Amino acid sequence: MKIHIDHRTCIGSGQCTLTAPTVFTQDDDGYAALVPDGSQTAPPRQVTQAALSCPVQAIAVRNDPPDA
Ligand code: SF4
């Protein structure tokens, strides 16, 4: 799973950190940041929900292709 935060769009609302706190955190300025290795252990549904909760659609989630 690849997670991208558009830092130009993020307004620091904190919804992602509330929804998936093992994946998203906030930097010193209050904007979203990724927890190191957080996406490796997070339930995919939780990450998707966090992306959907973002009021400005600043989070993009791409699922890894299934193993061949
Ligand atoms: S929910 Fe969206 S706007 Fe709010 S902190 Fe997270 S990425 Fe930024």
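Which pattern of helices and strands does the chain follow when read along the sequence? In this predicted model, local features need pLDDT of at least 70 and side-chain atom pairs count only at pLDDT 80 or more, while totals for chains, interfaces and linings use all residues. Residues are numbered from 1 along each chain as its sequence is written. The pattern is β-α-β-β-α-α-β, where helices (H or I, at least four residues) and strands (E, at least two) are DSSP runs numbered from the N terminus. The radius of gyration, taken over C-alpha atoms, is 11 Å, close to the 11 Å of the globule rule (2.2 Å times the number of residues to the power 0.38) for 68 residues, so the chain is as compact as a globular protein of that length.

Helix α3, residues 44-53, contributes V47, A50 and A51 as buried residues, a residue being buried if 20 or more other C-beta atoms, placed from the backbone, lie within 10 Å of its own. These three lie on the same side of α3, because they cover an arc of only 100 degrees around the axis, judged from the directions from the helix axis to the C-beta atoms. The buried residues of α3 pack against β1, α1, β2, α2 and β4, with contact meaning C-beta atoms within 7 Å.

Not counting residues up to four places away in sequence, C16 touches F24, A32, A50, S53, C54 and I59.

Notes. Buried ≥ 20, exposed ≤ 12 C-beta atoms within 10 Å, placed from the backbone. Contact = placed C-beta atoms within 7 Å.
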